[in-house]
Amino acid sequence: LSPNKAVVSTQSTGATCDENLPETDFMHEIIEVPVVLVSTATAEIIDIFHEYVKPKMCPVLSPFCKKLTGINQTMINQSRSFMEVWKDLEKWIEEKKASSTSPDLQENENEVIKSLCFVTDGPWDFKKFLAKECRYNNMDFPAMCVQYCNVRRKFCNFYGVKRVNIEGMLKNLGQEFDGTPHSGISDSRNIANIVCTMVRDGAVLDNNEVVDVNSIYTA
């Protein structure tokens, strides 16, 4: 991943939850897909994709889930299915790639998207929530998400600190969390801010984890 050309996409997925059910028994479904596009050439946020998702197995959110995420039932009722939203995300990413290589942008190399790297806070978004959603919808795991950057690992290795969460990373950088904790879009914006700071400090954001796609459909 060339830090001079790449655009990093940061994602944190919101999922259904219930405090009264064991973690292993609950059928988590994605209810929010927020993606913040960051240019590693300029260390700036350049665009955002954000949509809520209507879960099909547990369409009514628990009071705990609504309080934790800040997502209310009206937002969910007005949303579309995961498959519809994900197709739009893939289309959005392809459009970004296409527009970045248009003749009008050829003179500005910083605008050309040569590669993408998904950045997540830990392994759970892809290895757990996205993997489950693929099983629920009989959908192939997205090829663009098989390899990704776990920013927690990257952050700890780059700055030489112990394991930290989003708030811990921000604190180490002298920054504060902006937005609502556990809100997907707030988490994603803050991950993007962490990424921008790391890039300015000289870090290279590249893939450091892989999803075992075969295990998704046998688990």
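Which elements make a right-handed β-α-β unit? In this predicted model, the unit is made by strand S5, helix H4 (residues 124-136) and strand S6. A crossover is called right-handed if, with the strands pointing away from the viewer, the path from the first strand over the helix to the second runs clockwise. Helices (H or I, at least four residues) and strands (E, at least two) are DSSP runs, numbered from the N terminus.

Because the model is predicted, local features need pLDDT of at least 70 and side-chain atom pairs count only at pLDDT 80 or more, while totals for chains, interfaces and linings use all residues. Residues are numbered from 1 along each chain as its sequence is written, and side-chain values use heavy atoms, with hydrogens and water left out.

Strand S5 (residues 116-120) is mostly covered, with four of its five residues buried. Buried here means under 20% relative accessible area, exposed over 50%, and partly exposed in between (1.4 Å probe, protein chains only).

The cysteines were examined for disulfides, defined as pairs of cysteine sulfur atoms within 2.5 Å. By this rule the count is zero. Cys-117 is in no disulfide, the nearest cysteine sulfur being that of Cys-149 at 5.0 Å. Cys-117 is buried, with a relative accessible area of 2%. Cys-134 is likewise in no disulfide, and the nearest cysteine sulfur, that of Cys-145, is 8.2 Å away. The relative accessible area of Cys-134 is 0%, so this residue counts as buried.

Seven salt bridges are present in the structure, a salt bridge being a side-chain nitrogen of Lys or Arg within 4 Å of a carboxyl oxygen of Asp or Glu. In one of them, Lys-96 is paired with Asp-47, and the closest N and O atoms are 2.2 Å apart. This pair links distant parts of the chain: Lys-96 belongs to helix H3 (residues 82-100) and Asp-47 to strand S4 (residues 44-52), 49 residues apart. Lys-96 is partly exposed at 23% relative accessibility, and Asp-47 is partly exposed at 24%.

Strand S4 also contributes Glu-51, which forms a salt bridge with Arg-80 at a closest N to O distance of 2.8 Å. Arg-80 lies in the loop between helix H2 (73-77) and H3, so the pair ties together parts that are 29 residues apart in sequence. Arg-80 is partly exposed, with 29% relative accessibility, and Glu-51 is partly exposed with 22%.

A further salt bridge joins the side chains of Lys-154 and Asp-206 (2.4 Å, N to O). Lys-154 lies in helix H5 (residues 151-159) and Asp-206 in the loop between helix H7 (184-200) and strand S7 (209-210), so this pair ties together parts that are 52 residues apart in sequence. Lys-154 is buried, at 17% relative accessible area, whereas Asp-206 is partly exposed at 27%. Salt bridges with shared partners also join Glu-51, Arg-80 and Asp-88 into one network.

Glu-29 is placed in the loop between strand S2 (14-15) and strand S3 (30-39). This residue is buried yet has no salt bridge, the nearest side chain of opposite charge being Lys-56 at 6.7 Å. For charge, Lys and Arg count as positive and Asp and Glu as negative, while His and the chain ends are not counted. The backbone nitrogen of Lys-56, however, lies 2.9 Å from a polar atom of the Glu-29 side chain.

Positive phi values in residues other than glycine include those of Ala-43, near 55°, and His-182, near 75°. Ala-43 is in the loop between S3 and S4 and is buried, with a relative accessible area of 8%. His-182 is in the loop between helix H6 (166-172) and H7 and counts as partly exposed, at 48% relative accessibility.

Terms used
A polar contact is a pair of N or O atoms within 3.5 Å; within protein, one must be able to donate a hydrogen and the other to accept it, and residues adjacent in sequence count only if both atoms are side-chain atoms.
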